Amino acid sequence: MLISDKQELRRCVKQLVRRADVCEAALSFDVMQGELGVMPMMDCWTAPAATPSEALRRAAGEQTPFAQDAIATFAALDAMDLPVHDLDRAEKQQREYERTAYLRELLDTMRAKCVLVRIPLDKALQPQFPDERFEPLLCVDRALFMPGRYGVDYAVAAQTIADAASYCSARNICAENVDVQALRYCLMPLCEDQGYVLHAHLKRREDILGFVQILDEFEGVRALVSCEGEYEKHLIDAACTRPRLLVCLGGCEHLGYALSRLGTRIVPYSACASQPEIMLGRWVAAREEIWQALSNCYLPLARAGYELQSAAIERDVRRMMSENLLSLCRPE
């Protein structure tokens, strides 16, 4: 269908983004044993209380709850048809679910195709996840690379990571606050040899420069990288000539710039939540920001006379919201 005016464009993009399947790049939650429900969500943004309703009364008594996780809490409850105006009843209804069924319902509501779950290196021995859409993201921090009497044995560290990845069937490795030596002499060669995808969040501009320089040395490594918002344009620029580097944005501030430089070869958002319900709620809120920002990116094309087809917009949305991350993490 040909898009003929601005309002039709906005309606089309809104509908496609809201209904799109998504992939989540980093959930920090113990899927097998972590506590689910309203109370853990409330604990993310309120002071401790005996019941969810009491926690809300205390928070609302001080001020209207504008916190991101407050919005995510109510968005998740609404999306799952749990009573937003009676949190104690919502908690009770949630507890009536069998755990696996509740997690499945949550993923279905989110329209999740894949959720990467952060697994610390020392907790790699664990049962299979209850839903195949959960996938392990093995996290490696600088503690593994503390030097001993004779420095750091990177070969031993690499074997430790490979063993842990084998235990939990991880195909994705997350580097957390590791230095360039650990990247060059352990993580990059290991990912190249074993076919792992390397994930990283970079906090400084010089970290971006160092990372991409090392990435260039290892032609078989694929990476999903995010950074602090103020440096996102630098990361986007670095990815222009590096097809093996997939940029994960932290929000819509630089979505237009990313599209102009990389096309749809981006991941527009990751919730990075500590609770699966908060993950759902953040995605509900993010979709609203994404479709509006994306509409604004299409608008200059439409005004310039370019014939926008709804099928092309659907293709673009599908790539950004799910296919790019899936193709990186689950190559054919």
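**Cavity**

I'm working on a predicted model here. My search of the whole structure gave 1 cavity of 30 Å³ or more. Which residues line the largest cavity? I noted Lys6, Leu9, Arg10, Ser295, Asn296 and Leu299. Helices α1 (6–18) and α12 (276–303) each put at least two residues into that lining. By class I get 2 nonpolar, 2 polar and 2 charged.

**Largest pocket**

Next I went to the open spaces. The largest pocket holds about 630 Å³. I find 30 residues lining the largest pocket, with Ala26, Ala200, His201, Ser226 and Cys272 nearest its centre. The elements giving two or more residues to this lining are β1 (22–27), β4 (172–176), β5 (197–202) and β6 (222–227). Strand β6 has the largest share, 4 residues. I sorted the lining of the largest pocket into 14 nonpolar, 9 polar and 7 charged residues.

**Second largest pocket**

The second largest pocket has about 290 Å³. Its lining runs to 17 residues, and nearest the centre I see Asn177, Val178, His201, Leu202 and Asp207. Here β4, α8 (180–194), β5 and α9 (205–217) each supply at least two lining residues. Helix α9 gives the largest share, 4 residues.

**Rings**

Then I turned to the aromatics, where I count 6 aromatic pairs. Why is the pair of Trp45 and Phe74 edge-to-face? I get ring centres 5.9 Å apart and planes at 65 degrees, and over 60 counts as edge-to-face. Trp45 sits in the loop between α2 (38–43) and α3 (52–62) and Phe74 in helix α4 (68–79), so the pair ties together parts 29 residues apart in sequence. Buried or exposed? I looked up both: Trp45 counts as buried at 15% relative accessibility, while Phe74 is partly exposed at 22%.

I then took Tyr154 and Tyr185: centres 6.0 Å apart, planes at 40 degrees, so I logged the pair as tilted. This pair links distant parts of the chain, with Tyr154 in helix α7 (154–168) and Tyr185 in helix α8, 31 residues apart. Tyr154 is buried, with a relative accessible area of 19%, and Tyr185 is partly exposed at 48%. I also noted that ring pairs link Phe145, Tyr154 and Tyr185 into a cluster.

Conventions:
Residues are numbered from 1 along each chain as its sequence is written. This is a predicted model: local features need pLDDT of at least 70, side-chain atom pairs count only at pLDDT 80 or more; totals for chains, interfaces and linings use all residues. Side-chain values use heavy atoms; hydrogens and water are left out. On a 1 Å grid over the protein atoms alone, a cavity is a set of points where a 1.4 Å probe fits but cannot get out, and a pocket is an open set with protein on both sides within 12 Å along at least five of seven lines; lining residues have an atom within 4 Å of a point. Grid points are joined across faces, edges and corners, and a volume is the space filled by probe spheres set on the points. Ala, Val, Leu, Ile, Met, Phe, Trp, Tyr, Cys and Pro count as nonpolar, Asp, Glu, Lys and Arg as charged, and the others, Gly among them, as polar. Rings of Phe, Tyr and Trp (its six-membered ring) pair if their centres lie within 6.5 Å; planes under 30 degrees apart count as stacked, over 60 as edge-to-face and the rest as tilted. Buried means under 20% relative accessible area, exposed over 50%, partly exposed in between (1.4 Å probe, protein chains only).
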